[in-house]
Structure formats: C-alpha cells, structure tokens
Amino acid sequence: MLAVENEDATVLGSVGWHAVRHGPGDIAKALNIGITLLPEQRGRGYGTAAQEALAHYLFQTTLVERLEAETDVDNLAEQQALEKAGLPTRRSPPARSVPPRPMARPHPVQPTAG
Ligand SMILES: CC(C)(COP(=O)(O)OP(=O)(O)OC[C@H]1O[C@@H](n2cnc3c(N)ncnc32)[C@H](O)[C@@H]1OP(=O)(O)O)[C@@H](O)C(=O)NCCC(=O)NCCS
C-alpha cells in the first residue's frame, strides 16, 4: 500500500495491489490494483493521476506484465479514471444474460490398447 499525496505532501488517500492469477502456470500472474481517495479529494483528477503513476511504478519495479482492476458497474468515476490512466475497461455481462450451455465435465482419459 502506498499513500497518495499531492505536491504539498497532503495525504489524499491510498493505493494498493495484490497478485492474482490470470492463466495457467505459476508465472501467469497479474497485479490487481485498488484506490481510495478521501471523500473531499474526489473529482479533482487525483484518482486518474494516482492510478497512472501507480501503473508506471509497478511496471518499473516488478516483472509483472499485466495490471487489473475491478469496480462496480455504477462506479463511473473509477471506470473513467482507469480509462484515462491508460487501463482499458471491459465489462462483464450480467449473469442473467449468459445463455445456458451444455454441461461438459472433464474426466481422465483411459489409455487405449495397441
Ligand atoms: C474512484 C476514484 C478513485 C476516482 O478518483 P477521482 O479523483 O474522484 O476521479 P477523477 O477526478 O480522476 O475523475 C476521472 C473521470 O471520472 C469523472 N468523474 C469523477 N467523479 C464522477 C462521478 N461521481 N460520476 C461520474 N463521473 C465522474 C471525471 O469527470 C473524470 O472524467 P473527465 O476528466 O472526462 O471529466 C475516487 O472517486 C474514489 O476514491 N472513490 C471511492 C473509492 C472507489 O470507488 N475506489 C475504486 C473502486 S474500488
């Protein structure tokens, strides 16, 4: 976790991150980032600037190749801040719009003779 400060060293909030998997294998790791600004400091561009700075910091100081963030569908401030910070946003469809799929369960394959 890091503090978010302005040019006067006033603390505005904090950012944090944790490792998540995004694929098979031990090296397929990403960092999931999060931010909280004090209520009176929101809507002034600090959220965009802080997440852009955090992305630069993490790419420069770690070997990670992917950053992720999650937020609520109605959190437009965070969605726009992420976009403006250079992190493209992708919406997951609501569960009810996912069409039913046939069940396919993996099971061990028996070796064939010969
Ligand atoms: C989400 C958060 C980090 C955004 O930071 P911020 O400093 O308030 O956002 P910015 O001022 O950088 O604004 C980014 C964009 O979102 C827009 N925006 C800001 N507040 C908004 C609101 N309440 N509704 C809609 N859009 C909003 C801004 O207009 C700006 O776009 P623009 O430059 O085109 O005008 C901050 O509001 C916050 O800490 N919220 C509470 C915690 C939170 O939601 N954390 C993230 C998800 S868990």
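## Strands and sheet

In strand S2, Val15 is the bridge partner of Leu2, and S2 (residues 11-21) pairs with S1 in the antiparallel sense over four bridges; two strands are said to pair if DSSP finds at least two bridges between them. This is a predicted model, in which local features need pLDDT of at least 70 and side-chain atom pairs count only at pLDDT 80 or more, while totals for chains, interfaces and linings use all residues. Residues are numbered from 1 along each chain as its sequence is written.

Four strands form an open sheet with mixed pairing, in the order S1-S2-S3-S4. Its edge strands, each pairing on one side only, are S1 (2-5) and S4 (67-68). Strands (E, at least two residues) and helices (H or I, at least four) are DSSP runs, numbered from the N terminus.

## Around the ligand

The ligand is surrounded by 20 residues, the closest being Arg42, Gly47, Thr48, Ala77 and Gln80; a residue is near a molecule if its C-beta atom, placed from the backbone, lies within 6 Å of it. Strand S3 (29-37), helix H1 (46-61) and helix H2 (76-84) each supply at least two residues of this shell, and H2 gives the most, with six residues.

## Ala77

Ala77 has its place in helix H2 and touches Arg42 and Gly47, not counting residues up to four places away in sequence, where contact means C-beta atoms, placed from the backbone, within 7 Å. The C-alpha atoms of Ala77 and Gly47 are separated by 8.6 Å, although the two residues are 30 residues apart along the chain.

Technical notes:
Contact = placed C-beta atoms within 7 Å.
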